[in-house]
Amino acid sequence: MIITQKKPIDEVMAMVANAKTVAIVGCNSCATACQTGGEPQIKELTQILEQAGKKVVATTICDYCCMNLGVKSKMKAINAADPDCVICMSCGDGVQCVAKNANNKPVYPSNNTMYLGEAVRFGVWEESCRFCGECVLGKTGAVCPITQCAKSLVNGPCGGQKNGKCEVNPENDCAWIKIYERLQATGELAKLTETKEDKGYSKVAYPRTISLRGNK
Amino acid sequence: MSMLKDALESGKFGVTAEMAPPKGYDFTEQMEAAELLAGKVHAVNVTDMQSASLKASGLGLCVKLKQAGVEPILQITGRDRNRMAIMGDVLSAASFGIDTMLALTGDHPVVGDCKDSKPVYDLDSVGILKMLTKMEQTGCDCGGNEIAGGAPKFYKGASVTPVYEPVFLQINKLRQKVENGAMYVQTQGIFDLDTFKRFLEMVDKAGIKTHIMAGIIPLKSAGMAKYMNENVPGIDVPQDMIDRLAAAAAEGKEKGVKGLPGKLGIEMAAEMIAKIRDEKLCDGVHIMAIGAEKNVPVILEKAGISI
């Protein structure tokens with residue numbers, strides 16, 4: 001899921017400084033799981049805004065703020081309330097999708113969008129994929145070197161590990177040692193002997209659009 | 001033609017030293033050291049912001065060394081430059097007659113002194129070697145465009161860390177470096193010859209054919225050795241060496257003589273080099289004096305090595 005973190009409240013309040021009326025859009029998906037955009041967080045933000053003398057004229061929660069059709073229908077009520085601005089409590093994708101459907105009202109993010117992560121246990125999310133567009137997990141024992149190696153090295157480790165820990169953050173295990181151990185366990189060590197074919201970065205020039213319907 | 005290539009490929013015992021550009025733009029100290037090193041070593045590695053600590057760029061010092069009659073080795077890391085910038089530097093280097101290089105991945109910016117710098121790592125050490133080999137083979141740059149006047153040829157090197165667990169990963173990466181064009185390899189500092197021998201056997205067993213130059217770090221004190229053991233990956237100074245350095249310091253204190261541990265460090269480095277050469281363990285040595293380059297000629301003399 002997309003991992004988000006709340007922005008410092010002062011930053012959010014500065015964005016809405018000139019607004020008298022505000023609407024809030026939450027997200028029932030990743031941001032709810034991250035406790036950054038679910039019902040309790042909408043309630044909490046509403047209170048803060050009202051304590052600051054703003055009027056919260058409408059709130060809604062989209063199933064997914066990143067799905068245009070669903071957002072479009074949820075935004076009808078928000079637009080009907082005619083707020084001075086909208087605060088969107090989702091990831092950066094959701095904020096942009098909400099903005100497209102907000103009748104030219106300013107839409108502000110309450111969160112910072114961090115990474116694609118895995119909920120390893122309740123309230124703990126580890127970064128797990130960096131969307132490199134060329135998944136190498138089949139060769140690396142399902143441990144991602146692009147994400148878990150601080151240098152995204154694809155041909156093996158640097159010399160920078162000390163006692164199995166990464167030079168960049170000694171709390172992190174060296175990704176390549178994890179890859180080695182995993183491939184040893186699965187009997188696939190031979191996979192490490194191939195040098196990765198360098199495909200360059202031209203294919204990941206952004207922004208990209210993937211369409212199953214032919215052209216954009 | 002690369003002096004280091006001449007030496008290693010003709011079976012001579014290769015000798016290189018290492019030098020960092022200044023943290024500024026006054027190269028006086030480096031040029032003084034260069035004068036002492038001229039004629040004593042086959043080449044001098046110029047580091048590429050080692051430990052991710054900002055320095056003048058290596059290409060500048062390489063040019064100055066070349067002009068002073070010392071063969072430079074242009075170290076190139078993937079940390080700060082993408083493939084375009086690396087290739088551009090390589091072409092400029094070639095125009096100054098620089099023909100020896102060494103590819104490294106590079107320490108991450110967060111361990112250095114400009115922590116906010118964006119890490120690049122477009123290519124790792126293997127990728128850099130591969131790109132340059134392809135350039136030489138095809139006469140084309142990294143975009144596949146023909147290089148006017150043809151591609152320059154480099155004597156390409158890499159590094160390896162013999163003290164590494166699991167060592168399979170180092171051997172495996174070393175093999176990839178060699179397969180992609182590394183003609184010589186300099187190791188992380190060696191302090192225990194038995195460990196080094198075991199590593200060489202593994203390289204041999206893996207069928208990796210390259211010229212290996214043992215990394216030599218002259219120790220200055222027991223404190224330096226302990227610090228490196230704790231903080232520098234791949235460094236393992238044996239306790240008896242640390243004890244000898246500490247004893248030398250105690251002796252100096254008692255007699256009121258300064259610099260005894262440093263002198264002992266020079267003796268130990270010379271002893272190690274002589275053993276490596278006499279026992280024909282590998283093809284040469286790479287001396288990393290870490291700011292004390294003036295000691296390199298002394299060490300070589302004590303080891304009985306002239307090029």
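Domain bounds here come from an automatic or database domain assignment. For chain A, that assignment gives domain 1 (2-114) and domain 2 (132-204). The centres of domain 1 of chain A and domain 2 of chain A, taken over C-alpha atoms, are separated by 38 Å. The model is predicted: local features need pLDDT of at least 70, side-chain atom pairs count only at pLDDT 80 or more, and totals for chains, interfaces and linings use all residues. Residues are numbered from 1 along each chain as its sequence is written, and chains are lettered from A and ligands numbered from 1 in the order in which they are written.

Chain B holds a barrel. Helices (H or I, at least four residues) and strands (E, at least two) are DSSP runs, numbered from the N terminus. Two strands pair if DSSP finds at least two bridges between them. In chain B, 8 strands close into a barrel in the order β1-β2-β3-β4-β5-β6-β7-β8, with parallel pairing. Neighbouring strands of this sheet are turned by 30° against each other on average, direction ignored. Axes for such angles are lines fitted to C-alpha atoms, for helices over the stretch in contact, and angles run from 0 to 180 degrees between N-to-C directions.

Strand β1 of chain B pairs on two sides. With strand β8 (residues 284-287) of chain B, β1(B) forms 4 bridges in the parallel sense. There, B:G14 stands opposite B:G284. With strand β2 (residues 43-46) of chain B, β1(B) again pairs in the parallel sense over 4 bridges. B:M19 has B:V46 as its bridge partner in β2(B). B:Y184 is partnered by B:H211 in β7(B).

Burial is scored by neighbour count. A residue is buried if 20 or more other C-beta atoms lie within 10 Å of its own, exposed if 12 or fewer, and partly exposed in between, with C-beta atoms placed from the backbone. In strand β1 (residues 14-19) of chain B, 6 of the 6 residues are buried, so this strand is largely enclosed by the rest of the structure. B:G14, B:T16 and B:E18 point one way from β1(B), while B:V15, B:A17 and B:M19 point the other way. In a regular strand the side chains alternate between the two faces of the sheet.

A nonpolar core is a set of buried Ala, Val, Leu, Ile, Met, Phe, Trp, Tyr and Cys residues joined through C-beta atoms within 7 Å. The largest has 85 residues, of which B:V44, B:L74, B:A214, B:I216, B:I273 and B:I299 touch the most other members. Helix α10 (residues 260-278) of chain B gives the largest share of this core, 7 residues. Another core, of 32 residues, lies apart from it and includes A:V22, A:A31, A:I61 and A:V107.

B:I299 sits in helix α11 (residues 295-303) of chain B. It counts as buried because it has 26 C-beta neighbours inside 10 Å. Two residues are in contact if their C-beta atoms, placed from the backbone, lie within 7 Å. Beyond four places in sequence, the contacts of B:I299 include B:P218, B:I266 and B:I287. B:P218 is 81 residues away along the chain, yet the two C-alpha atoms are separated by 8.7 Å. On the same terms, B:I273 is in contact with B:I216, B:V285, B:I299, B:A303 and B:I305.

The two chains meet. In all, 23 residues of chain B are in contact with 22 residues of chain A. On the chain B side, α5 (125-138) and α6 (167-179) each supply at least two residues. The most, 6 residues, come from α6(B). By class, this side has 9 nonpolar, 9 polar and 5 charged residues. Ala, Val, Leu, Ile, Met, Phe, Trp, Tyr, Cys and Pro count as nonpolar, Asp, Glu, Lys and Arg as charged, and the others, Gly among them, as polar.

Some backbone features stand out. A cis peptide bond joins B:E165 and B:P166, with omega about -5°. B:P166 lies in the loop between β5 (155-160) and α6 of chain B. Another cis peptide bond joins A:Y206 and A:P207, with omega about 5°. B:I290 is not a glycine, but has a positive phi of about 50°.
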